[in-house]
Amino acid sequence: MYIGLPMWANPDWRGGLYPPHAGREGWLDDYAAVFNAVEGNTTFYSGVPRPGTVESWSRQAPAGFRFCFKLPQALTHGKRLCQVEAEVVDFLDALGPLKDRLGPVMIQLPRDFGPEEVPALEKVLRDWPQDVPCAVELRHSEFFHKGSAERDINALLISHGADRVMLDVRPLFSGPPEAHSGLIQARAEKPRRPLHVISTAKFPVIRFIGHLDSAINEHYFTPWIDQLALWIKQGKTPFLFVHTADNREAPELARNLYARVADRMGWQALPGFPGDRQNQLL
């Protein structure tokens with residue numbers, strides 16, 4: 001099982017995941033000392049990374065680490081996957097130095113990308129290289145009604161060996177309205193869709209969006225423990241990415257959730273955070 005956060009470059013994690021005065025150049029090293037995967041949202045917003053940047057990531061990430069980058073939104077939201085064949089190839093080629101450390105590359109679709117646009121997605125999946133895992137995050141409401149649109153899209157993903165990303169926003173939208181700015185913003189940004197637990201390929205991807213209340217997170221994560229254990233028993237390799245409203249508490253929440261899975265599976269817990277260790281020495 002792989003576990004990680006939506007990014008590794010977050011200054012709010014100094015003093016915990018990172019030493020208090022750590023510079024950005026050491027963040028990926030420290031991150032990879034604790035977590036073994038990262039969601040890699042940077043490519044969704046910034047597009048194709050520069051060769052020198054990818055080479056740097058390749059030098060810093062250990063062999064067992066997995067990057068799960070997102071296809072740029074210029075392709076998914078701008079061009080809506082129409083006539084993007086060459087650009088998808090260029091994007092995946094740019095990640096070449098990380099080939100042995102790529103987890104599922106994610107295609108996050110717009111909320112209004114509905115059944116009528118599925119042929120564009122099918123074209124991308126048909127041309128997708130066999131040696132690069134792929135996962136698709138659907139957000140249109142028609143794909144959550146358990147009707148023909150959802151059956152057809154699930155069948156399409158299965159036929160192309162692509163995973164369906166499971167966005168679990170139940171914790172985020174639980175409880176009374178909050179005045180916390182991060183929670184308000186997160187609720188505005190994340191689509192409120194029902195959770196459909198399904199594995200359509202070999203690498204189930206879960207994006208767990210936590211609340212500020214730890215009891216709420218614990219409640220909604222509990223069923224995932226048995227589900228993750230089942231997938232692992234079946235020979236699948238799950239990826240769990242943990243968010244919180246403003247992501248300041250995401251490292252600690254991820255560590256706590258992983259501890260519950262580790263207890264169930266008989267695994268060791270995650271290592272301590274480098275910043276925690278340095279604070280103890282001060």
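**Exercise 1. Determine how many residues of strand S8 (residues 205–209) are buried, and which way each one points.**

*Solution.* Strand S8 is mostly covered, with 5 of its 5 residues buried. Buried means under 20% relative accessible area, exposed over 50%, and partly exposed in between (1.4 Å probe, protein chains only). Strands (E, at least two residues) and helices (H or I, at least four) are DSSP runs, numbered from the N terminus. The model is predicted: local features need pLDDT of at least 70, side-chain atom pairs count only at pLDDT 80 or more, and totals for chains, interfaces and linings use all residues. Residues are numbered from 1 along each chain as its sequence is written, and side-chain values use heavy atoms, with hydrogens and water left out.

Next, the directions: Val205, Arg207 and Ile209 point one way from S8, whereas Ile206 and Phe208 point the other way. In a regular strand the side chains alternate between the two faces of the sheet.

**Exercise 2. Explain why the buried residues of helix H5 (residues 85–94) line one face.**

*Solution.* The buried residues of H5 are Val88, Phe91 and Leu92. Seen down the helix axis, they fall within an arc of 90 degrees (directions from the axis to the C-beta atoms), so they line one face. The face turned away from this buried side carries the exposed residues Ala86 and Asp93.
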